[in-house]
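Please consult the sequence and the coordinates shown below alongside the text.

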Amino acid sequence: MEPQRSPLLEVRGNVELKRPLVKAPSRLPLPGTRFKRGPDRMEAALEPEKKRTRGLDTVTKIATSHPRPPALTVRPQTQSQTTAPKVAKKTGPRCSTAIGTVLKNQKPGPAVPAQKPGAAAPPVLGGKKPTKRPAWDLKGQLCDLSAELKCCRERTQTLNQENQQLQDQLKEAQQQARALGAECRTLEGELARVQAQAEQGQQELGNLRAHVLELEEQLGTQQGLVQELQKEQVGLQEERRGLAAQLEEQERRLQASEAALSGSQAEVASLRQEAATQATLLVEQGERLHGLEMERRRLHNQLQELKGNIRVFCRVRPVLPGEPTPSPGFLLFPSGPGGPSDPPTRLSISRTDERRGTLSGTPAPTTRHDFSFDRVFPPGSGQDQVFEEIAMLVQSALDGYPVCIFAYGQTGSGKTFTMEGGPGGDPQVEGLIPRALRHLFSVAQELGGQGWTYSFVASYVEIYNETVRDLLATGTRKGQGSECEIRRAGPGSEELTVTNARYVPVSCEKEVEALLQLAHQNRAVARTSQNERSSRSHSVFQLQISGEHAGRGLQCAAPLSLVDLAGSERLDPGLALGPGERERLRETQAINSSLSTLGLVIMALSNKESHVPYRNSKLTYLLQNSLGGSAKMLMFVNISPLEENVSESLNSLRFASKVQLPPSPGAVRTPGWL
């Protein structure tokens, strides 16, 4: 059951039925409707009409002219021709039917030659009929006939050309007529459909006519409302067209955005896939890099152990200004097994026994003493060459192996210069301590890219007469070395610490330089006959290195100990008469006792004895974690190039020879992992 319609809707429906019926949208133009379309569709509808009008201009003239059709000629367009499209617009498709009928019914007639604009008219033979020539004037008649024949031939030629042009135009017109016929048939079908719709509308209109009569009275009252609604409808249509244009624009933008979005999504997917691939590759590279780093540490430690966990280097300082030049042949540095290109490892020193020469009355015989070490540095060797040899040993401390480096020798042999460097801050004469820490900071920064983080804590103490003093003490704590004791860090712990000593975290070279300067000022020194400023204590610089790999849960810790030992001279050369020499004597005895204990400890470690006398000296007790086990130890024996110090030089060289171990392949030890 259909719902009951309101009177207002019925009125609007009846009013719409009284309006002329509008056919459904079609691609072909219809008479009476083509001008009611939009501007864009009207132009599209007029375009074929213009084309048909241009081609049918002449044909229309043929159909409407004298029964004898004039020749179709190409003439410049005039005002009359420009009005032809307007006529075509009014006539519509029926014009094509009329033109076809005219062309079918037209009979060919004599063509009139087209006259060009501005050309002189041909002479008319019969404007006024010429008088007939007499019958006897045959020659004149012949001339007239010849002239007429010539004119006729020219006219015939012109007519033939025009006939050819007309035939071409006729073919073109026929093609246009066929196209117009097809369009006409399409329009007739469209017209039939529209007529069917119109008949259906008329039928509905008849059914509603009775109802319309009943509502005619109400129609008058509702007329104003209908007009308002019509105005509103027009406004809504305009608004709808605007919204449709906006919708098209938004759809176009949406399509562009979707295309851009799809491209971006594809790019994002590609980037995500590439990122996942890179992440996988990065993880694989990280695993490989970690494996290579651990293998490097293992092989590096194995190499250091093959070279010997206890090594001895000998360094001969150069002759200083004001010192006598040694005689030729006093010090010799034989070449290595590989020739002069190999670094020297042997040292030969000559000594003349003056006492034997005096008793016998003959020249004193010369005795040559040969020594062999892991490396020998002649007087011309620089600080950079010395550090180059121990750089790999310093690297072992960063890998988790304890490392201890000693500088041993008599007073004035260059021990402090080797460890701390020369004055003035010249980079060329920097000692092993600043160079080693610079190397550690640089390598730790490189390992930071592999996930390792390192921390460094420095301490600097001296052992003077078996008393431990803090060289980094400041303010009121200076001179309170007697309060420092060597204790274990905790119950059951193997780590040793010095009570009341400063442990300073360091992270750059400037901080280390400041600590070295402070320690140099606080170190105990005294004047002896060997050196105006002689070190009378053992200075121990220790750097506690702690490394952690948070991603893998790995930790390592090891101390790096750099020790500048006190002068190792005997009692005779350094002993000077005076009331204060008893104190110097006690210092020398304490120094020699601690050095002797150090030699015993190293020999016990070399022989792998069960008992190592670490506690016999504060020096060895403090360094016991840096001497035994997997620790790496290096001793620099420094000697003087002067002949007057040959006795002390020989003593130092003999002591170093006892300490040295021949390199032998031993079992590879595990680093100090926590």
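Arg523 lies in the loop between α12 and β12 (525-526), where helices (H or I, at least four residues) and strands (E, at least two) are DSSP runs numbered from the N terminus. This is a predicted model, in which local features need pLDDT of at least 70 and side-chain atom pairs count only at pLDDT 80 or more, while totals for chains, interfaces and linings use all residues. Residues are numbered from 1 along each chain as its sequence is written, and side-chain values use heavy atoms, with hydrogens and water left out.

- Arg523 counts as buried because its relative accessibility is 9%; buried means under 20% relative accessible area, exposed over 50%, and partly exposed in between (1.4 Å probe, protein chains only).
- Between Arg523 and Asp470 there are 53 residues of separation in sequence, and their C-alpha atoms are 9.1 Å apart in space.
- Arg523 is also 62 residues along the chain from Val461, with 8.8 Å between the two C-alpha atoms.
- Val461 belongs to strand β7 and is buried, at a relative accessible area of 5%.
- Leaving aside neighbours within four places in sequence, Val461 is in contact (heavy atoms within 4.5 Å) with Val468, Arg469, Asp470, Leu471, Ala501, His538, Ser539, Val540 and Leu622.

**The loop between β7 and β8**

- Most residues other than glycine have a negative phi.
- Asn465, in the loop between β7 (452-464) and β8 (467-470), has a positive phi of about 55° although it is not a glycine.
- Glu466, placed in the loop between β7 and β8, likewise is not a glycine and has a positive phi, of about 60°.
- Asn465 is partly exposed at 27% relative accessibility, and Glu466 is partly exposed with a relative accessible area of 31%.

**Overall composition**

- The chain has 16 helices and 16 strands.
- Of the 674 residues in the chain, 35% are buried.
- Among contacts in the chain with a separation of 6 or more, 71% are between residues 24 or more positions apart.

**Nonpolar cores**

- In soluble globular proteins, nonpolar side chains tend to be buried together.
- The largest nonpolar core has 49 residues, and Phe406 and Leu653 have the most contacts inside it; such a core is a set of buried Ala, Val, Leu, Ile, Met, Phe, Trp, Tyr and Cys residues joined through side-chain atoms within 4.5 Å.
- Apart from this core lies another, of 45 residues, including Phe313, Phe387, Phe441 and Phe541.
- Not counting residues up to four places away in sequence, Leu653 touches Cys314, Leu347, Ile349, Phe371, Phe373, Val637 and Ile639.

**Cavities**

- The whole structure contains 3 cavities of 30 Å³ or more; on a 1 Å grid over the protein atoms alone, a cavity is a set of points where a 1.4 Å probe fits but cannot get out.
- The second largest cavity holds about 50 Å³ of space, a volume being the space filled by probe spheres set on grid points that are joined across faces, edges and corners.
- Its lining (residues with an atom within 4 Å of a point) consists of Glu430, Pro434, Leu437, Arg438, Phe441, Glu509, Val512 and Glu513.
- Two or more lining residues of the second largest cavity come from each of α11 (432-448) and α12 (509-522), and α11 gives the most, with 4 residues.
- By class, the lining of the second largest cavity has 4 nonpolar, no polar and 4 charged residues; Ala, Val, Leu, Ile, Met, Phe, Trp, Tyr, Cys and Pro count as nonpolar, Asp, Glu, Lys and Arg as charged, and the others, Gly among them, as polar.

- Glu420, in helix α10 (residues 415-420), is buried with a relative accessible area of 16%.
- Beyond residues up to four places away in sequence, Glu420 touches Gly431, Ile433, Pro434, Tyr460 and His520.
- Lys658, in helix α16 (residues 646-659), is exposed with a relative accessible area of 58%.
- Lys658 and Leu600 are 58 residues apart in sequence, and 9.6 Å separates their C-alpha atoms.

**Cysteines**

- A search of the whole structure finds 0 disulfides, a disulfide being a pair of cysteine sulfur atoms within 2.5 Å.
- Cys151 is partly exposed at 33% relative accessibility, and Cys143 is partly exposed with a relative accessible area of 46%.

Conventions:
On a 1 Å grid over the protein atoms alone, a cavity is a set of points where a 1.4 Å probe fits but cannot get out, and a pocket is an open set with protein on both sides within 12 Å along at least five of seven lines; lining residues have an atom within 4 Å of a point.
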